[in-house]
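Subject: Structure handover

Hello,

Please find the structure below, followed by notes on what was found in it.

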Amino acid sequence: MGLFRRAWLTVVSEVAWRIPGRPQRLLAAFALAERGSMLDMLSAVELTERRGLRKLYFRHALDEARHAALFAGRVRSLGAIGRAEAAIEDSGQLVEAGVVAGTTLFERLGEEEFLSFVYVAEADAVEQFEVLLARRLPDPETAATLHRILKDEHFHVSYARTEVERAAAAGRPMRRSMALHRWRRVGQAWLRFSSDFGALMGGFWLGLAYVVGVGPFRLLGRLEPGGWQRPERGGSSLAAARTEG
Amino acid sequence: MPSYVLGISGLYHDAAAVLLEDGKIVAAAQEERFSRLKHDAALPVRAAQYCLETAGIPVSRVDWLVFYEKPLRKFERIVSTAVATFPRSWRSFPRQMHHWLGDRLWLRANLTSAFGVSPERMMFCEHHLSHAASAFYCSPHDEAAILCVDGVGEWATTSLWRGSGSAIEPVSEVRWPHSIGLFYSAITAHLGFAVNEGEYKVMGMAAYGQPRFREEMSRLLRLDSEGGYSVDLDTFSWHWHPTEPATARLARLLGPPRFPGTPFTPRLDPLAQHHADVAASAQAATEEALLHLVRHAHAAVPAPALCLAGGVALNAVCNGRIAAEGPHAHLWVQPAAGDAGGAMGAAMWAWHGVLGNPRGPALRSCALGREVARDRTAELLADLGARFDDLGDDAPERAGRDLAEGKVVAWVDGREEWGPRALGQRSILADPRSAEVAERVNRSVKFREPFRPFAPSVRAGAAPRYFDIPAAAASTSRFMLSTHPVLPEAQAGLAAVTHVDGTARVQVVDADTSPRFDRLLGAFEEATGVPVLLNTSFNLKGEPLVSTPVDALAAFARSDLDTLYLNGFRVERMR
């Protein structure tokens, strides 16, 4: 999987980084991912029962926050892009970008699964950044930023690996857990693609419903006039209160 | 056995949960404080869990869960609008239907699944009635006119109510798509800020400009002789476009829009000055419109008190003018006037309006959110290797001295605030006398735009020496909800908290409801002779207010704050 992944990353990176405007989008996506990761790490600081790990999680969270700011800075420096990308400093954007949903990773996975996920995800990030740098794709300032970030990412890989190995030595099935995370990440990519495709198809059918179902009634429709109107209310009886309409 | 009512708002923005025990507020919190996602719209599962834990009850003990909207009526509005705006609504219809068919149409089932409350124990309160209830039932007034102004609820965008005892009766409403809230949001987007987030920035920017687009604004937002208004639906497009609230006509009328993130340097850059003038014009138009509505409210419901709610009621400059120039003797604004407050209103409407229970005392403090135990804080500080002292109950005096030495201090104390304002539970505090301090807090503590002003907190007895607060604003100024002139002779001494137009969004601190914060102000006064502090929310740019010690420590470590006070612990700067 390693060689295949590297080849895939190389091809995708070569294509993506040469499309005008695309590097800004990718860097904005990196910034959002780092920001989402900061929230996961802070959740780990809050919830961990292994007090010895708390400081590592905290440092990791601060690193992720710094990386998010660095990536956001590069997006700004590389020039004007859309309104959505310009809003990457707003944590509310994390939901729209699909970076976070519902519960944090630590809440979903628990301590050991979380650590193996951190190891897999950070190792993947290292690999991705190394491909970008080896192919000399980013501009010099962005490359310098990636070099700075890589140092932290190596540290994250290192401490997560130590903890994973410690758990494995204690008889936990960590190798299986990491393999599962790798496949889950592939599965998530597939799900994202399916979801986007589903949204596209849904948009098509709903668009058709709009033309066929809404269009014929156009002459019946009217917008409300301005100014004060007499209110139509359902009242405050218990029966009225229990209805949704 | 006590009765419990759980109010819920969500699925648009600012989701929140509020729990009443026999009509008394036990806990109130916004979901964003738990998820750390600003304006989080998701159903507030964690906020509700916190409320239940505070009361010490399982969800099975909740008698009623009350949602703050009537979803089917809202759906009716969306479909009707799609019909009326065919074919221009071709982009927005599929997007809206995707949301509605995905979850919102099945709200009752989703609420059961999320909160574990059976469908028979649910009520649904109209959006504007939730706002009205949140303002009136929390107020100290038995009789009041209630005015709600926001973007849109089901159909209403502005509504007038008569509050009397435990009853709230509808009087009149302005309906979608005519909306003052959406007018202000459209200008917010035109000025390059995020809608539902950047409205405060427009307010701050307005002080740098002149309202020289008054005439253009009066074409966009038309006041009528009946005390109502309408908007120019040829220029605005929020009723048919999913993302752009205005057409190209707005740029033709007001000039080029501002690109997000553009540095704002009025007086140096003509385009920046132009944008400041647009902001000033929109703010002036909104103030005039609100005063117009308030005068109509007074004529239609001749009560001495006015209660305000809805997102527009967070426009502190408008509130200041209503208090100073409006016809009402008393103004009361729900501290969480936006959709979060809908959760409180929905619960209170169920308790008083539907179940017929008498009213309780007025809301006197916003400290209704999460509090973290001191032993847990101490454990966390030790685990993170922080350098700290345990000052216990002496923390306010020590913090006052730190502030007098020019330090910028983060202050986390007790239960967090309900609503968007930091009122001395999750605050960043600094010396109000020096403009350099304000510049430093903007630049390297909060990392936000330099044009945004800071608010002062002042001890109650000293407020008249510094600020011109009208009697009608006695309660709004307790919750930092209105802006008032800083007295000319006090402005030079309060340079960090006096905005360029000579005003400040002041918080008057009452020793009865905020004893520790009042002691802190007292300590600063003892050292400097000034009973005022710069008080801004403890959060970094783009993030919600800090809630837990972990949030506080993370924000502390990422900013240029000097000292953090955390539940009585004094933490040294971390790097």
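Two aromatic rings of Phe, Tyr or Trp (its six-membered ring) are taken as a pair if their centres lie within 6.5 Å; planes under 30 degrees apart count as stacked, over 60 as edge-to-face and the rest as tilted. By this rule there are 26 aromatic pairs over all chains.

Before the details, some conventions. This is a predicted model, in which local features need pLDDT of at least 70 and side-chain atom pairs count only at pLDDT 80 or more, while totals for chains, interfaces and linings use all residues. Residues are numbered from 1 along each chain as its sequence is written, chains are lettered from A and ligands numbered from 1 in the order in which they are written, and side-chain values use heavy atoms, with hydrogens and water left out.

Aromatic rings

One of the pairs is A:Phe30 with A:Phe129: the ring centres are 5.5 Å apart and the planes stand at 65°, so the pair is edge-to-face. A:Phe30 belongs to helix α2 (residues 22-47) of chain A and A:Phe129 to helix α7 (residues 111-134) of chain A, so the pair ties together parts that are 99 residues apart in sequence. Helices (H or I, at least four residues) and strands (E, at least two) are DSSP runs, numbered from the N terminus. A:Phe30 is buried, at 13% relative accessible area, and A:Phe129 is buried as well, at 3%. Here buried means under 20% relative accessible area, exposed over 50%, and partly exposed in between (1.4 Å probe, protein chains only).

In chain B, B:Phe67 and B:Tyr68 also make an edge-to-face pair, with 5.3 Å from centre to centre and 80° between the planes. B:Phe67 is buried, with a relative accessible area of 1%, and B:Tyr68 counts as buried at 0%. B:Phe193, B:Tyr208, B:Phe264 and B:Phe451 form one aromatic cluster.

Some rings have a charge over the face, meaning that NZ of Lys or CZ of Arg is within 6 Å of the ring centre and within 35 degrees of the ring normal. A:Arg59 lies over the face of A:Phe155, at 3.8 Å from the ring centre. B:Arg374 is placed over the face of B:Phe569, at 4.6 Å from the ring centre.

B:Arg374 is also among the residues that B:Asn567 touches; the others are B:Val372, B:Ala373, B:Thr377, B:Val412, B:Asp413 and B:Gly414, not counting residues up to four places away in sequence. Contact means heavy atoms within 4.5 Å. B:Asn567 sits in the loop between β21 (563-566) and β22 (569-572) of chain B, and counts as buried at 9% relative accessibility.

Salt bridges

A salt bridge is a side-chain nitrogen of Lys or Arg within 4 Å of a carboxyl oxygen of Asp or Glu. The whole structure has 60 of them over all chains.

B:Arg46 and A:Glu107 meet in a salt bridge of 3.4 Å, N to O. This pair crosses between chains, from helix α2 (residues 45-55) of chain B, which holds B:Arg46, to helix α6 (residues 105-109) of chain A, which holds A:Glu107. B:Arg46 is partly exposed at 22% relative accessibility, and A:Glu107 is partly exposed at 37%.

Within chain B, B:Arg433 forms a salt bridge with B:Asp431, and the closest N and O atoms are 2.7 Å apart. B:Arg433 is partly exposed, at 33% relative accessible area, whereas B:Asp431 counts as buried, at 8%.

B:Arg443 and B:Glu439 are joined by a salt bridge of 2.7 Å, N to O. Both lie in helix α16 (residues 435-445) of chain B, four residues apart, about one turn of the helix. B:Arg443 counts as partly exposed at 47% relative accessibility, as does B:Glu439 at 42%. Elsewhere, salt bridges that share partners join A:Glu46, A:Arg51, A:Arg54, B:Arg376, B:Glu379 and B:Asp383 into one network.

A:Ala16 is in helix α1 (residues 2-16) of chain A and counts as buried at 12% relative accessibility. A:Ala16 touches A:Arg22, A:Pro23 and A:Leu26, not counting residues up to four places away in sequence.

Regards
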